[in-house]
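Colleague: I would like to go through the labels used for this model and hear what each one rests on. Please set the value against the criterion each time.

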Amino acid sequence: MATGGDLKRAIGLMSGTSMDGIDLAMLDTDGDAVVDRGASSFTAFDADFRKRLTAALETAKAITEREERPGELAEIEIELTDRHAEAVEAFMARESLNRDDIDVIGFHGQTMLHRPRQALTVQLGLGARLAERLGIDVVYDLRARDMTMGGQGAPLVPAYHRALAAGLSGEWAELRPVVFVNIGGISNITYIGSDDVLLAFDSGPGNALIDQWVTRHAGVPYDSGGAIASEGRVLSSLANQYLSSPFFTAKQRISLDRNDFLPPEDGQAELEDGARTLAFVTAAAIAKAQAHLPEKLKLWILTGGGRHNRMIVEDLTVATRHSGQVIVAEQAGLNGDSMEAEAWAWLAVRSLRGLPLTYPGTTGVSEPATGGVLARGYGCKNA
Ligand SMILES: Nc1ncnc2c1ncn2[C@@H]1O[C@H](COP(=O)(O)OP(=O)(O)OP(=O)(O)O)[C@@H](O)[C@H]1O
Ligand SMILES: CC(=O)N[C@H]1[C@@H]2OC[C@@H](O2)[C@@H](O)[C@@H]1O[C@H](C)C(=O)O
C-alpha cells in the first residue's frame, strides 16, 4: 500500500441503473474526512450484454427471496462479476498497480430489483468470486443491512457527498445549503444544510426513461448532449402524467426501482418530443424535491451522466432560478462521472472500520448503520 496511517487505498466499482457499464475509481481515504481522489475508468457494456441485462430485469421480477437466481440470472451474475474483474485488471495494468497496492474494493453489483416496502433489494455480483480472482479484499452487498434496520436501502452516496462538500474550496466552500443531484438512471439528491444536516432521497426519473425511449425509436443508447431533445417540444399532458404520480405527493419518499417509472407508450409522442418531454420531467422532478427540504438552497451541484444532457440542465436552471446557482461537478473541482464509484471505494473503507454508511436522514434507517459483507482475497496481503 502506498498510503500510511489509517489511510487505505480503495477501488470502487459502480454499475448503476442506467446499465451502461462499469465506473471505477481509486481513492486514498480513511473512510472519513480524508479523501484523496485518484484515477478512474469506465468500461462500457456492449449492446448485447445490455440487452441481456434488460431482459434479466424482467426475470428478476419473480424473485421473492434475495438469494434466488431464476432463469438466466445465475449465469449473468457470473459474467457480470468477471466483467468487473476484467475492468479492475485493465485499470491496474494501465496504472501500473499490482494487487498489494490496493487494500480493498467496494463492489456495488447490478441492481435487479429494489422493493423497499418488502425490505427486498437484489444486486447481482459475487463478492467472493471477485476477491478470489483478483486476490484483493472485496466489500459488497452494502445495501441489505440498512433495510433490515428499517431503511430504504438507498441512496448510499449521500454520506460521501457530505465528505466532498466539506472539502470544497474557493467560492463554493461557504455556500450552504448545497444539494448534490445525481442524475443517473434514476435521480437522487443529497441536501447538506448550513448546520451540516444531511437529508437525501431519490427525486424521480433520471436518464433511464430517455435511454429506453431513444433506444427504441432511434436505435441509440442515449440522447448524446440532449441533441434529440433539443429538436422537440414539451408535451404538457404527457409531462403531467409523470409529474402527477403518487410518488411525488407521498408523505414519505420511497427509494425507486428502475421500473417504477416506464417510458411513454408508442404513439404517445414523436421521437424528439418524447426525448424533450422526458428531459423536462427529469428536471421538474428534481426541482420538486425542494418542497421536502428545510431551507432555501444556495447551490446545486449536478453529477451523473444526465449533466451531459443540456436540456435537463437548462430546464433545471430555469426551474430553480429563484433558489441558488446550478453548476456541474467539474466547476467545483469534482468528477461527475466517477463520483458514485468513488463513493463505493469510500463506503468500503467505512465498512471495514464499522462506521455508518446510512443515517435516518438519508435512508430512513432507525439509527446510523454500517453495512457490507467482506470477502477476503485469496493470497492477498491482508489474509
Ligand atoms: N454525453 C451524454 N449526453 C447525454 N446523456 C449522457 C451522456 N453521457 C452519459 N449520459 C447519460 O448518463 C447515463 C449514465 O449515467 P450514470 O453513469 O451517472 O448512471 P448510473 O450510475 O448507471 O445510474 P444510477 O446513478 O441511477 O445508479 C447514460 O445512460 C446516459 O443516459
Ligand atoms: C437500489 C439502487 O440501486 N438504487 C440506486 C438507483 O440509482 C440512483 C438511485 O436509484 C439511488 O438510490 C441508488 O444509487 C446510488 C448510487 C446510491 O445508492 O446513492
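Colleague: What makes up the contacts between residues at least 6 apart in sequence?

Modeller: In this predicted model, 71% of those contacts join residues at least 24 apart. A contact here requires C-beta atoms within 7 Å.

Colleague: Why is the radius of gyration said to agree with a compact globule?

Modeller: The protein has 383 residues, and a compact globule of that length would come near 21 Å. The value for the protein is 20 Å, which agrees, so the description holds. The C-alpha trace spans about 60 × 50 × 40 Å along its principal axes, and buried residues make up 51% of the 383.

Colleague: How many helices and strands does the secondary structure come to?

Modeller: There are 12 helices and 13 strands. Six of the strands form an open sheet in the order S3-S2-S1-S4-S7-S13, with mixed pairing.

Colleague: What makes S3 and S13 the edge strands?

Modeller: Strand S3 (35–44) and strand S13 (373–375) each pair on one side only. From one strand to the next, the twist averages 20°.

Colleague: How do you know that S1 and S4 pair?

Modeller: Pairing takes at least two bridges. Strand S1 (residues 8–14) and strand S4 (residues 104–107) are joined by four bridges, so they count as paired, and they run parallel. Within that pair, isoleucine 11 is opposite isoleucine 105 in S4.

Colleague: Which strands does helix H2 touch?

Modeller: Helix H2 (residues 73–94) packs on the sheet and touches S1, strand S2 (21–29), S3 and S4. The direction of H2 makes about 50° with that of S2. Helix H11 (residues 339–353) lies across S1, S2, S3, S4 and strand S7 (138–140), and runs at about 130° to S1.

Colleague: Why is S9 called largely enclosed?

Modeller: A residue is buried if 20 or more other C-beta atoms lie within 10 Å of its own. Seven of the seven residues of S9 are buried, so the strand is largely enclosed by the rest of the structure. Ile186, Asn188, Thr190 and Ile192 point one way, while Ser187, Ile189 and Tyr191 point the other way, and all are buried.

Colleague: How many bridges join S9 to S8, and how many join S9 to S10?

Modeller: Six bridges join S8 to S9, and seven join S9 to strand S10 (residues 198–205). The S8 and S9 strands run antiparallel, as do S9 and S10. Valine 179 has tyrosine 191 in S9 as its bridge partner, and asparagine 188 has aspartate 202 in S10. The hairpin of S8 and S9 has two residues between the strands. The hairpin of S9 and S10 has five, and there aspartate 196 takes a positive phi near 75°.

Colleague: What makes the phi of alanine 119 worth a remark?

Modeller: Most residues other than glycine have a negative phi. Alanine 119 is not a glycine, yet its phi is positive, about 50°. The residue is in the loop between strand S5 (110–115) and strand S6 (120–124). Aspartate 141, in the loop between S7 and H4, also has a positive phi, near 55°.

Colleague: Are alanine 119 and aspartate 141 buried or partly exposed?

Modeller: The cut-off for buried is 20 or more neighbours, and for exposed 12 or fewer. Alanine 119 has 16 other C-beta atoms within 10 Å, so it is partly exposed. Aspartate 141 has 21 inside 10 Å, so it counts as buried.

Colleague: Which peptide bonds are cis?

Modeller: Among them is the bond from alanine 154 to proline 155, with omega near -5°. Another is the bond from arginine 176 to proline 177, also with omega near -5°. Proline 155 is in the loop between helix H4 (144–148) and helix H5 (158–166), and proline 177 is in the loop between H5 and strand S8 (178–183).

Colleague: Which residues come nearest to ligand 2?

Modeller: Of the 17 around ligand 2, they are Thr111, Ala154, Pro155, Val157 and Ile186. S5 and strand S9 (186–192) are the elements that give two or more residues to that shell. By class, the shell has six nonpolar, nine polar and two charged residues.

Key
Residues are numbered from 1 along each chain as its sequence is written. Chains are lettered from A and ligands numbered from 1 in the order in which they are written. This is a predicted model: local features need pLDDT of at least 70, side-chain atom pairs count only at pLDDT 80 or more; totals for chains, interfaces and linings use all residues. Axes are lines fitted to C-alpha atoms, for helices over the stretch in contact, and angles run from 0 to 180 degrees between N-to-C directions. Two residues are in contact if their C-beta atoms, placed from the backbone, lie within 7 Å. A residue is near a molecule or strand if its C-beta atom, placed from the backbone, lies within 6 Å of it. Ala, Val, Leu, Ile, Met, Phe, Trp, Tyr, Cys and Pro count as nonpolar, Asp, Glu, Lys and Arg as charged, and the others, Gly among them, as polar. The radius of gyration is taken over C-alpha atoms; the globule rule is 2.2 Å times the number of residues to the power 0.38.
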